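This report describes selected features of one protein structure. The sequence and the structure are shown first, and the description follows.

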Amino acid sequence: MTEPTKARAACLIGWPAAHSRSPLIHHYWLRKLGIEGGYNIEAIPPEGFAEFVLHLSTHGFVGANVTIPHKERALALSLPDERARAVGAANTLWYEGGELCSTNTDVEGFINNLDASAPGWDQATEALVLGAGGAARAVVFGLLDRGMTRIHLVNRSIDRACALADQFGSRVEPAIWDTLADLLPRARLLVNTTSLGMHGQPALALDVGLLPPNAVVADLVYVPLKTPLLAAAEARGLKTADGLGMLLHQAVRGFELWFGQRPQVTPELRALVEDDLTKT
Ligand code: NAP
């Protein structure tokens, strides 16, 4: 008698974790691709994280997404790839030959969303990145990997921008906020990785009129869906890439690693998540 096959399941580990859109995205793909599988939310406090992750398969999971506040611990407790090491945080875990591996899918989420939303963006040789946190490290790694010649990195705390530039080398140049007016006219690609412009946060005060006429503008913030930065860029006729697109694209690789099929980011999926974001 053959054993009934147990459906594969992945999970999101966070503390708190309840507000995540990841279950909506992965359940959509499981349904669409006709895969019998699951994606759970596991609210795990910091003191329980190591035990949970080191026995992920015993807990019934083939892999996991990891969110705040566990991403740095996840890196330390797994075998990270180059992306996770460069970003200094892991957000996706899976097993390979019995080994718990990790990556950071924000890198490909950002780059694949740019490719999909603003084809030709990579003709830019000079980029201006605002912010120097975890998201900025993923963005800078992705841009350098795609051949960006120079990245001006502007951050409120200049020491954080300098630390990031030290890590990534001479193609990254830290700069203070006051130099924005000089840098904007040179930026064929502008990326906001700060939380400025997010609901409840201060606005991002910046004149998109100073950008070159063929500039591309990306914003990682996705609440609101259309940030004032993206609205101003669109009003000027510039190509844009939004934070929701990045969120959807970063989920692709985890699904592929856990369930064996590469899912698509479709307008239907986007509408589903947009609807959920608008409701809440
Ligand atoms: P983080 O590590 O906390 O970094 C926050 C960044 O925002 C820092 O550069 C910080 O500057 C800057 N900042 C915050 N408040 C500011 C203010 N009042 N004035 C000027 N700068 C300010 O956060 P993170 O993980 O990098 O995330 C940053 C943003 O990206 C968040 O909005 C997050 O939701 C978004 N994100 C989106 C996606 C996606 O898939 N769309 C993925 C990852 C992150 P200091 O260094 O000076 O504090």
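## A bridge between two strands

Asn65 has Thr92, in β5, as its bridge partner. The two strands concerned, β3 (residues 63-66) and β5 (residues 92-96), are antiparallel and share three bridges. Strands (E, at least two residues) and helices (H or I, at least four) are DSSP runs numbered from the N terminus, and two strands pair if DSSP finds at least two bridges between them.

The model is predicted: local features need pLDDT of at least 70 and side-chain atom pairs pLDDT 80 or more, while totals for chains, interfaces and linings use all residues. Residues are numbered from 1 along each chain as its sequence is written, and side-chain values use heavy atoms, leaving out hydrogens and water.

## The sheet

Six strands form an open sheet with mixed pairing, in the order β2-β1-β3-β5-β6-β4. Because β2 (37-43) and β4 (79-80) are at the edges with a single partner strand each, one side of each lacks a neighbour in the sheet.

## Helices across the sheet

Helix α10 (residues 243-259) lies across β1, β2, β3 and β5, at about 25° to β5. Angles run from 0 to 180 degrees between N-to-C directions, with axes fitted to C-alpha atoms, for helices over the stretch in contact (heavy atoms within 4.5 Å). Helix α2 (residues 46-54) lies across β1, β2, β3, β5 and β6, at about 160° to β1.

## Glu126

Glu126 belongs to strand β7 (residues 126-130). Its relative accessibility is 19%, so Glu126 counts as buried (under 20%; exposed is over 50%, partly exposed in between, with a 1.4 Å probe and protein chains only).
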